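Q: I'm new to this one and would like to talk through its charged pairs and its surface. Could you take me through it step by step?

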Amino acid sequence: MDELLKPLIEGNRRALSRAITLVESTRADHRQRAVALLAELPKKQALRIGLSGTPGVGKSTFIEAFGTMLTEQGLRVAVLAVDPSSTRSGGSILGDKTRMETLSRNPRAFIRPTPSSAELGGVARRTRESIRLCEAAGYDVILIETVGVGQSETLVAEMSDLFVLLLAPAGGDELQGVKRGIMEMADLILVNKADGDLLPTARRTVADYAGALRLLRKRPQDPEGFPKAMAVSAATGDGLDKAWAEMTALADWRREHGHFEANRAAQERQWFMAELRAGLLSQLDQPQAQAHLARLGDDVAQGKLAPGMAATRMLELLGQMSQE
């Protein structure tokens with residue numbers, strides 16, 4: 001039994017931080033230990049809520065207000081905030097914990113900023129494993145904040161039970177600023193900053209999005225009235241309790257009708273396929289494979305070999321290497 005397992009299950013935040021650091025490590029011995037630790041985790045189930053939104057919409061402010069409200073209701077909240085990484089240096093600011101100053105000091109909350117490491121979708125590769133660790137540590141609600149909004153960010157919907165899209169007040173023409181793909185993934189659209197002078201604009205925006213949602217194809221995992229748009233204010237707290245009531249109502253309906261467990265099972269299959277693809281790609285990092293890649297790449301660049309034929313030969317070489 002791993003030494004981290006017992007304190008992790010007991011809800012020790014330091015042990016949880018160390019466990020997440022372990023699963024994020026790329027060292028081979030750390031990876032082996034992480035896989036063994038994950039296999040020992042007890043089966044616990046938290047409500048996983050994916051959260052995406054346009055830059056400047058106030059995701060951190062919303063999460064702090066929303067998370068604080070949940071902890072006041074006696075719930076334990078974990079926040080996995082994925083920050084973008086530089087494509088040049090590979091560095092990341094990881095400033096979410098600073099922006100959520102009040103929530104970060106809350107003993108019933110756990111905030112973990114993670115670099116995306118250039119992963120597509122704004123979700124770190126090990127986010128799924130971090131979610132599993134937070135569930136084992138006894139957290140009731142897990143908020144997964146993505147880097148931004150767009151077609152690629154729909155990846156977070158594949159690891160959450162509910163997907164919330166956070167938007168700022170704007171006119172109806174701003175509908176063009178949101179990709180159809182992420183609209184189709186959203187279970188709930190929350191228009192933030194619905195207070196003060198922006199309140200009328202926010203209400204119009206909610207009406208615009210409500211109309212747009214009615215044009216989308218009905219999904220089997222939605223009860224009547226979902227997906228829906230609502231106005232909230234992270235600054236004043238208005239609408240947060242209603243948004244939470246809608247989230248829990250939707251999750252309860254999906255549990256009663258079998259969609260919740262079916263979605264979790266599909267996510268486990270997607271996790272397996274993602275790990276398999278990553279493992280296959282890692283074979284290209286071996287020195288022998290790198291030498292073949294360089295040679296075939298030179299042939300393609302010089303026009304001696306077509307890209308498709310070069311790829312076929314590389315796959316054949318990988319097959320031969322695996323048999324040796």
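**Charged pairs and a surface patch**

A: Let me begin with Arg132, which counts as buried at 14% relative accessibility (buried means under 20% relative accessible area, exposed over 50%, and partly exposed in between, with a 1.4 Å probe and protein chains only). This is a predicted model, in which local features need pLDDT of at least 70 and side-chain atom pairs count only at pLDDT 80 or more, while totals for chains, interfaces and linings use all residues. Residues are numbered from 1 along each chain as its sequence is written, and side-chain values use heavy atoms, with hydrogens and water left out.

Q: OK, so which residue does Arg132 form a salt bridge with?
A: Its partner is Glu268, and the closest N and O atoms are 2.7 Å apart; a salt bridge here is a side-chain nitrogen of Lys or Arg within 4 Å of a carboxyl oxygen of Asp or Glu. Because Arg132 lies in helix α7 and Glu268 in helix α11, the pair ties together parts that are 136 residues apart in sequence. Helices (H or I, at least four residues) and strands (E, at least two) are DSSP runs, numbered from the N terminus.

Q: And Glu268, is that buried or partly exposed?
A: Glu268 is partly exposed, at 35% relative accessibility.

Q: How many salt bridges does the structure hold?
A: There are 20 salt bridges. One of them joins the side chains of Glu275 and Arg126, at 2.9 Å from N to O. That pair links distant parts of the chain, with Glu275 in helix α11 (residues 259-282) and Arg126 in the loop between β3 (109-115) and α7 (127-136), 149 residues apart. Arg126 counts as buried, at 10% relative accessibility, whereas Glu275 is partly exposed, at 24%.

Q: What about Asp29, who does it pair with?
A: Asp29 forms a salt bridge with Arg27, where the closest N and O atoms are 2.5 Å apart. Asp29 is partly exposed, with a relative accessible area of 39%, and Arg27 is partly exposed as well, at 47%.

Q: Switching topic, which residues form the nonpolar patch on the surface?
A: The patch consists of Phe272, Met273, Leu276 and Leu280, which together have about 370 Å² of accessible area. Patches are made of residues with over 30% relative accessible area and no salt bridge, where like charges are joined within 9 Å and nonpolar side chains (Val, Leu, Ile, Met, Phe, Trp, Tyr) within 5 Å. The areas come from the Shrake-Rupley method with a 1.4 Å probe, and for residues only the protein chains shown count as cover.

Q: Where is Leu276 found?
A: Leu276 is found in helix α11, and this residue is partly exposed, with a relative accessible area of 38%.
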